[in-house]
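Work through the following exercises with the sequence and the model at hand. Each task is followed by a solution in steps.

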Amino acid sequence: MSEKAKFLSRSLLCLITLSVFLLVLSSFSLVQFPCTHFIPRSVFKLILVNSTSFFLKPKAKTELVKLPLFPPTDTNLSMRFGSLSCPNSNVGASRCHREKTCGRRNQGLRKLKVFMYDLPPEFHFGLLGWKGNKNQTWPSVDSHSRIPSYPGGLNLQHSVEYWLTLDLLASNNPKVGTAVRVQNSSQADIVFVPFFSSLSYNRHSKLHGKEKVSVNKMLQTKLVRFLMARDEWKRFGGKDHLIVAHHPNSMLYARKKLGSAMFVLADFGRYPVEIANLGKDIIAPYKHVVRTIPIGESAQFDHRPILMHFQGAIYRKDGGAIRQELYYLLKDEKDVHFTFGTYRGNGIRKAAQGMASSKFCLNIAGDTPSSNRLFDAIASRCVPVIISDEIELPFEDVLDYSEFCVFVRASDAVRKGYLLDLLHGIDRYQWTKLWERLKEIAPHFEYSYPSQPSDAVAMVWEAVLRKTSSVQFKRHRESRFARSEALLKRV
């Protein structure tokens, strides 16, 4: 072999050796230092999407490594075994939201700009008995003692409209809230309609005395008339309006005429799809009625003697018929509390005690797919078992409920022994992982005033903000020609 050939052969060997060394070094840095590696981010994403060979350790003790309660699928293996949390990366998005380390939270969340109608008090705080001075529309929110209180008991569970309105009234404080109230509707992302529709239904849907029309129906009729006359509504046909109708029977008379607006709902159980759907509407959590158990007081696995807990109405219609079937299957089982109960009298206190002493709390479909029981369970730090095939869950685009809940299909739940075998099969370690994650996400379901970062009020506003991009998209498409035609008329 000539000297030239030998030189080329040695050079090629050195080049191959160097390439292999750099590849190994890059692979090592990929695993150990995911945000600073030699492989381009585009290639890096392809590797994670198309390969299941990266089994990375969780970053912290509280990270949930999902256990095989249900068979894993290839599409979520990277999430099950720990994803990489790099800024500006779509990989590990749910973990970014959980740890608040990247995305919008890291850059400073843009506040939602909201224009709120100054409706007369009869639509909002007047329903709470508040009477202001002449020409006074809103109560002062500077002091808690001056804010009208919302009625307790079951009324409280649908009080979403109350907390959102208070948050907007206090939004002049730059340190408070995720939304800010603007005075010019043209500057707003969304137009808020401050009608306490759930309270109106709960308190004023029945006829009294010589009334021929209930106060609830009368207010809805007046609201429709008011909105249809507003330029803000006419501008986009109400598509940029936000209406809270959390009680499933609220806005019963007006919902069809106002169906183009964005609704804040508990579920879609009593709505036709053309009026309410996930494409435009928001699912908000119920306000739990049991006491929130402080994290330090929450009992661990061995100190919860009850395996599963359910207390509520057993004989329901529609999808809730499953409650009756489960009652006869479980009522005599050891370590199971499955009884009829109400929130009247000491019902709330007894329910709270039972949930706090149970490993699992059943959330079973009733007259509608959702119920407050799920959020009572979260407040009680009791791992929810969701048996409701049609349920829609709040903030599910950013929260993975399978990290802190157990889901059971209704058809499986009514099979004899299935539910008991499933829950008995979840050991202390598996349950503790669900419980730890449950405690982490619990603040997302707490309504408060003033609102706190990432509480239920902030989460609802953030969900609205995420929806506004699609609203704006539709708005821009529909106005493609209108603006140009308006220009031509001026010529």
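**Exercise 1. A cysteine and its accessibility**

Decide whether Cys 405 is buried or exposed in this predicted model.

Solution. The relative accessibility of Cys 405 is 1%. The cut-off for buried is under 20%. Cys 405 therefore counts as buried.

**Exercise 2. The disulfide**

Find the disulfide of the structure and describe its geometry and its place in the chain.

Solution. Step one is the search: over the whole structure, one disulfide is found. Its partners are Cys 361 and Cys 382, with an S to S distance of 2.2 Å. Cys 361 belongs to strand β9 (residues 358-364), while Cys 382 sits in the loop between α12 (373-379) and β10 (383-387). The two are 21 residues apart, and the pair links distant parts of the chain. Step two is the handedness: the torsion about the S-S bond is about 110 degrees, so the disulfide is right-handed. Step three is accessibility: Cys 361 and Cys 382 are both buried.

**Exercise 3. Salt bridges**

Compare the surroundings of the salt bridges made by Glu 232, Arg 291 and Glu 403.

Solution. The structure as a whole holds 14 salt bridges.

- Glu 232 meets Arg 230 with an N to O distance of 3.0 Å. Glu 232 has 11% relative accessibility and so counts as buried, whereas Arg 230, at 26%, is partly exposed.
- Arg 291 pairs with Glu 297, their closest N and O atoms being 3.8 Å apart. Both residues, Arg 291 and Glu 297, are exposed.
- Glu 403 pairs with Arg 437, and here the closest N and O atoms are 2.8 Å apart. This pair links distant parts of the chain, 34 residues apart: Glu 403 is in the loop between β10 and β11 (406-407), and Arg 437 is in helix α15 (residues 428-441). Glu 403 and Arg 437 are both buried. Together with Glu 440 they are linked in a network of salt bridges.

**Exercise 4. A nonpolar patch**

Name the residues of the nonpolar surface patch of about 370 Å², then classify Val 20 by accessibility.

Solution. The patch is made by Leu 12, Leu 15, Ile 16 and Val 20. Val 20 lies in helix α1 (residues 3-32). Its relative accessibility is 46%, so Val 20 counts as partly exposed.

**Exercise 5. Sequence separation and distance in space**

How far apart are Ser 469 and Asp 189, in sequence and in space?

Solution. Begin with the place of Ser 469, which is helix α16 (residues 456-478). In sequence, Ser 469 and Asp 189 are 280 residues apart. In space, their C-alpha atoms are 9.1 Å apart. As for accessibility, Ser 469 is at 47% and therefore counts as partly exposed.

Technical notes. Residues are numbered from 1 along each chain as its sequence is written. This is a predicted model: local features need pLDDT of at least 70, side-chain atom pairs count only at pLDDT 80 or more; totals for chains, interfaces and linings use all residues. Side-chain values use heavy atoms; hydrogens and water are left out. A disulfide is a pair of cysteine sulfur atoms within 2.5 Å. Helices (H or I, at least four residues) and strands (E, at least two) are DSSP runs, numbered from the N terminus. Buried means under 20% relative accessible area, exposed over 50%, partly exposed in between (1.4 Å probe, protein chains only). Patches are made of residues with over 30% relative accessible area and no salt bridge: like charges are joined within 9 Å, nonpolar side chains (Val, Leu, Ile, Met, Phe, Trp, Tyr) within 5 Å. Accessible areas come from the Shrake-Rupley method with a 1.4 Å probe; for residues, only the protein chains shown count as cover. A salt bridge is a side-chain nitrogen of Lys or Arg within 4 Å of a carboxyl oxygen of Asp or Glu.
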